[in-house]
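I opened my notebook to look up a few side chains and their neighbours.

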Amino acid sequence: MIRVRKATDRGHSEIGWLNSYHTFSFGDYYDASQSGFRDLLVINEDRVQPAKGFGTHGHRDMEIISYVLEGALEHKDSLGTGSLIRPGDVQIMSAGTGVRHSEFNGSPKELVHFLQIWILPDKEGLEPRYEQKAFSEQEKSNRLRLVASRDGAENSVTVHQDVKLYASVLAADAEVTHTLARGRMGWIQILRGAIEINGTRLGAGDGAALENEQSLKITAAGQKAELLLFDLA
């Protein structure tokens with residue numbers, strides 16, 4: 001079964017410098033029927049205006065992944081990390097026992113467009129950690145590139161949960177396949193363009209829960225497309 005979450009049905013908040021769409025319940029947006037999927041709790045699509053950003057704030061017991069589509073996001077945290085997250089980078093911050101951080105768009109004229117993803121860790125009270133790796137478009141071209149996993153396989157970033165996160169950039173009409181092991185489920189999020197998955201069409205901003213769909217066939221629907229695929233326990 002493919003259960004579609006249309007982009008137009010997402011929660012929306014705008015506070016001047018931040019324009020955010022919420023696939024699942026987040027902050028002041030709450031929908032009892034959209035409170036995450038398996039251990040995937042948050043997918044926010046954020047656009048941050050130039051010279052603006054998220055002030056220093058804290059998190060605990062959460063795996064937080066940032067995936068930048070446009071611009072560059074400046075990160076600072078209480079672990080002593082200072083970094084710049086650009087398109088192609090995958091950043092993960094394991095909040096564990098507690099971490100404080102800020103995210104800022106340092107450009108005077110370009111906005112930052114990125115996805116903020118929260119995944120529940122497999123246990124509480126972990127030691128906080130930070131990791132960031134770059135994955136070129138060529139690495140993701142017409143294939144599902146593993147970018148996050150529990151064991152850091154294939155040089156992916158490590159996430160404290162039984163999840164595999166794949167990124168893909170598909171040329172027009174290109175096709176990739178994936179098999180979900182028995183008992184596992186998936187979530188697909190379309191970042192750009194449009195695709196068909198097992199005959200169901202999804203456009204930019206759309207997502208879908210994949211339940212009892214072991215064999216996945218994903219095709220770019222007549223245009224270049226970019227997507228994330230979560231393989232979840």
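Entry one, aromatic cluster. I looked for rings that group together and found that Trp17, Phe54 and Phe114 make up one aromatic cluster. I keep in mind that this is a predicted model.

Entry two, ring pairs. How many aromatic pairs are there? I noted a count of 5 aromatic pairs. Then I picked out phenylalanine 26 and tryptophan 118: their ring centres are 5.3 Å apart and their planes stand at 80°, so I wrote the pair down as edge-to-face, the term for planes over 60 degrees apart.

Phenylalanine 26 has 25% relative accessibility, so I marked it as partly exposed. For tryptophan 118 the relative accessible area is 14%, and I listed this residue as buried, because the cut-off for buried is under 20%.

I located histidine 75 in strand β7 (residues 73-77). Buried or exposed? Histidine 75 is buried, as its relative accessible area is 1%.

Next I checked the polar contacts of its side chain. Histidine 75 reaches the side chain of aspartate 77 at 2.7 Å, and the side chain of glutamine 91 at 3.1 Å.

Last, I looked up what histidine 75 touches, leaving out residues up to four places away in sequence. Among them I wrote down Ile85, Met93, His101, Glu103 and Tyr130, and Gln91 is on that list too.

Key
Residues are numbered from 1 along each chain as its sequence is written. This is a predicted model: local features need pLDDT of at least 70, side-chain atom pairs count only at pLDDT 80 or more; totals for chains, interfaces and linings use all residues. Side-chain values use heavy atoms; hydrogens and water are left out. Rings of Phe, Tyr and Trp (its six-membered ring) pair if their centres lie within 6.5 Å; planes under 30 degrees apart count as stacked, over 60 as edge-to-face and the rest as tilted. Buried means under 20% relative accessible area, exposed over 50%, partly exposed in between (1.4 Å probe, protein chains only). Helices (H or I, at least four residues) and strands (E, at least two) are DSSP runs, numbered from the N terminus. A polar contact is a pair of N or O atoms within 3.5 Å; within protein, one must be able to donate a hydrogen and the other to accept it, and residues adjacent in sequence count only if both atoms are side-chain atoms. Contact means heavy atoms within 4.5 Å.
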